[in-house]
Amino acid sequence: MKENIILPLKMKDAVFDPNFNYPNRTRCFNEDKKNSLEINPSKGWLWVSIDDLNKWISALHSYELISEASLKTILRNQYFKDYPAILGSSDDLFLTHIHGGQFYQFETRFISEFENDLNIILMSNNKNQVREIVQSLYEIIEN
């Protein structure tokens with residue numbers, strides 16, 4: 001991961017398994033705006049900043065990391081047509097790339113356009129309406 005992705009893309013903040021005292025790691029909170037007790041995810045998870053995530057998305061879309069054919073393959077769920085694949089999903093014309101994830105109170109979502117080099121990324125430390133917010137922002141930009 002470090003040799004083939006993090007270093008070539010010059011990701012500055014990516015770190016594996018950061019402890020709770022890692023300087024740039026944000027804390028999460030619940031619906032009552034109180035700090036939530038945090039738990040460690042499984043070993044080997046990668047923490048990235050929004051800048052590093054943007055570098056990753058841009059590198060995927062410019063085919064620096066994998067070929068266009070490979071990206072199209074991994075953005076299609078071969079078992080369930082209407083469900084995202086491991087790296088998200090794309091529309092039938094391969095114009096947009098959508099992906100999101102969540103763990104505990106943390107949530108991330110992005111929508112990208114391949115042709116226009118547009119990346120809308122939202123990261124939250126209070127699991128909320130990230131999907132709806134990103135979609136609304138995208139619609140505002142498109143109109």
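Is Lys72 buried, exposed or partly exposed? I looked that up before anything else, bearing in mind that this is a predicted model. Lys72 turns out to be partly exposed, with a relative accessible area of 35%.

**Entry 1: the salt bridge**

I went on to look for the partner of Lys72. Its side chain meets that of Glu68 in a salt bridge, with 3.3 Å from N to O. Glu68 is partly exposed too, and its relative accessible area is 37%. I checked where the pair sits: both residues belong to helix H3, four residues apart, which is about one turn of the helix. Then I counted salt bridges in the model and got one.

**Entry 2: helix H2**

Next I went to H2, which runs over residues 50-61. I counted twelve residues in H2, and from the first C-alpha to the last the helix reaches 17 Å.

Which residues of H2 are buried? My list reads Asp52, Leu53, Ile57, Ala59, Leu60 and His61. I also looked at what covers these buried residues, and the cover includes helix H3 (68-74), E4, E5 and E6. Just after H2 I stopped at Tyr63, which takes a positive phi of about 60°.

**Entry 3: the largest pocket**

How much space lies in the largest pocket? I wrote down about 1000 Å³. The lining has 34 residues, and the closest to the pocket's centre are Leu46, Trp47, Val48, Thr108 and Met123. Several elements give two or more residues to this lining, among them helix H1 (2-6), strand E2 (46-47) and H2. Strand E4 (96-103) supplies the largest share, six residues. I sorted the lining by class and found 20 nonpolar, eleven polar and three charged residues.

**Entry 4: the second largest pocket**

I gave the second largest pocket a page of its own. About 250 Å³ of space lies in it. It is lined by 14 residues, and nearest its centre I found His99, Gly100, Gly101, Arg109 and Arg131.

Which element gives the most to this second lining? E4 does, with five residues. E5 and helix H4 (130-142) each supply at least two residues as well. By class, I noted four nonpolar, seven polar and three charged residues in the lining of the second largest pocket.

**Last jotting**

E4 kept turning up in my notes. It gives the largest share to the lining of the largest pocket, gives the most to the lining of the second largest pocket, and is part of what covers the buried residues of H2.

Methods: Residues numbered from 1 in each chain as written. Predicted model: local features only at pLDDT ≥ 70, side-chain atom pairs only at ≥ 80, totals over all residues. Heavy atoms only, no water. 1 Å grid on protein atoms, 1.4 Å probe; cavity = no way out; pocket = protein on both sides within 12 Å on 5 of 7 lines; lining within 4 Å. Points joined across faces, edges and corners; volume = space filled by probe spheres on them. Nonpolar A, V, L, I, M, F, W, Y, C, P; charged D, E, K, R; others polar. Expected span 1.5 Å × (residues − 1). Buried < 20%, exposed > 50% of the residue type's maximum accessible area, 1.4 Å probe, protein only. Contact = heavy atoms within 4.5 Å. Salt bridge = Lys/Arg side-chain N within 4 Å of Asp/Glu carboxyl O.
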